[in-house]
Amino acid sequence: RFRPELIRELGKLGLTGIPTPAEYDGAGLGYLEYAIALEEIAAYGSGYAISVAVSGLPQVILNLFGTDEQKKKYIPPLARGEHIGAFSLSEAGSGSDAGALRTRAVKKGDEYVLNGTKLWTTQGNVAETVIVFARTGEDGPKGVSAFIVEKGTKGFRAGKKENKMGANISPTCELILEDVHVPAKNLVGREGQGFKIAMTALDSGRITIGATAVGVARAAFEYSTKYAHERK
């Protein structure tokens, strides 16, 4: 069972915004410190290491590509562990080929209207702040844009929760968008910049999930070594 209160406790220890600048309530440290912390958390519970890593993705995205207003509003509660973040890129027909996504965002006045279904969104059913990728233009990577969608926005809801083989504390689900109205100011970066934003965030994710895997492997090694010395 995923327990959001544990993320808040990790936040009080300064572990939910390690590479985020101090001006946005992060620790202002580097990826070495980030990796070490995630390895230690993962040795006791991979699900919570994954959660810290995934909540870090909106922080990375907004710190690099967000407006001052977006940074001030959304990053601090994520960095403090008070809010949980999510990153929603994949769809049924666009996993590794992220540029093929079909969820669409149409601009109407000072809003965008989003429609589509996203798959395999880590903690999509518990996150307050979700970075959703949708198509605003032509087919392919150049037509993808990124948006901040808040929990509770009308038409935005979690769908099926995946039954996984492991890391079950970390929830993974589909997200359904039915005429979701998002303010134009919630566009991250520029229209058509979404694919670059996603790939930049995934560069961070490769490090953090790698560190999580190291923590799990180390715990397994320590457990098996202890058992090997005790067994008859």
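How are α2 and α3 oriented to each other: roughly parallel or roughly antiparallel? The legends below take this up in a predicted model.

**View 1. Packing of helix α2 against helix α3.** Helix α2 covers residues 31–44, and helix α3 covers residues 46–65. Their axes lie 6 Å apart, at an angle of about 150°. Angles over 145 degrees count as roughly antiparallel, so α2 and α3 are roughly antiparallel to each other. On the α2 side, the contact is made by Y31, Y34, L38, I41, A42 and Y44. On the α3 side, S46, Y48, A49, V52, A53, G56 and V60 take part. By class, the contact residues are eleven nonpolar, two polar and no charged.

**View 2. The aromatic pair Y31 and Y34 in α2.** The whole structure holds four aromatic pairs. In the pair of Y31 and Y34, the ring centres are 5.4 Å apart and the planes meet at 65°. Planes over 60 degrees apart count as edge-to-face, so this pair of Y31 and Y34 is edge-to-face. Y31 and Y34 sit three residues apart in α2, which means about one helical turn separates them. Y31 is partly exposed, at 29% relative accessibility. Y34 is buried, at 3% relative accessible area. Both Y31 and Y34 belong to the contact with α3.

**View 3. The hairpin of strands β2 and β3.** Strand β2 spans residues 104–108 and strand β3 spans residues 111–122. The two strands pair in the antiparallel sense, over five bridges. Two residues lie between β2 and β3. In this turn, G109 has a positive phi of about 65°.

Definitions and conventions. Residues numbered from 1 in each chain as written. Predicted model: local features only at pLDDT ≥ 70, side-chain atom pairs only at ≥ 80, totals over all residues. Heavy atoms only, no water. Phe/Tyr/Trp six-rings, centres within 6.5 Å; stacked < 30°, edge-to-face > 60°. Helix = DSSP H or I, 4+ residues; strand = E, 2+ residues; numbered from the N terminus. Buried < 20%, exposed > 50% of the residue type's maximum accessible area, 1.4 Å probe, protein only. Axes fitted to C-alpha atoms, helices over the stretch in contact; angles between N-to-C directions. Parallel < 35°, antiparallel > 145°, perpendicular 65-115°, else oblique. Contact = heavy atoms within 4.5 Å. Nonpolar A, V, L, I, M, F, W, Y, C, P; charged D, E, K, R; others polar. Pairing = 2+ DSSP bridges.
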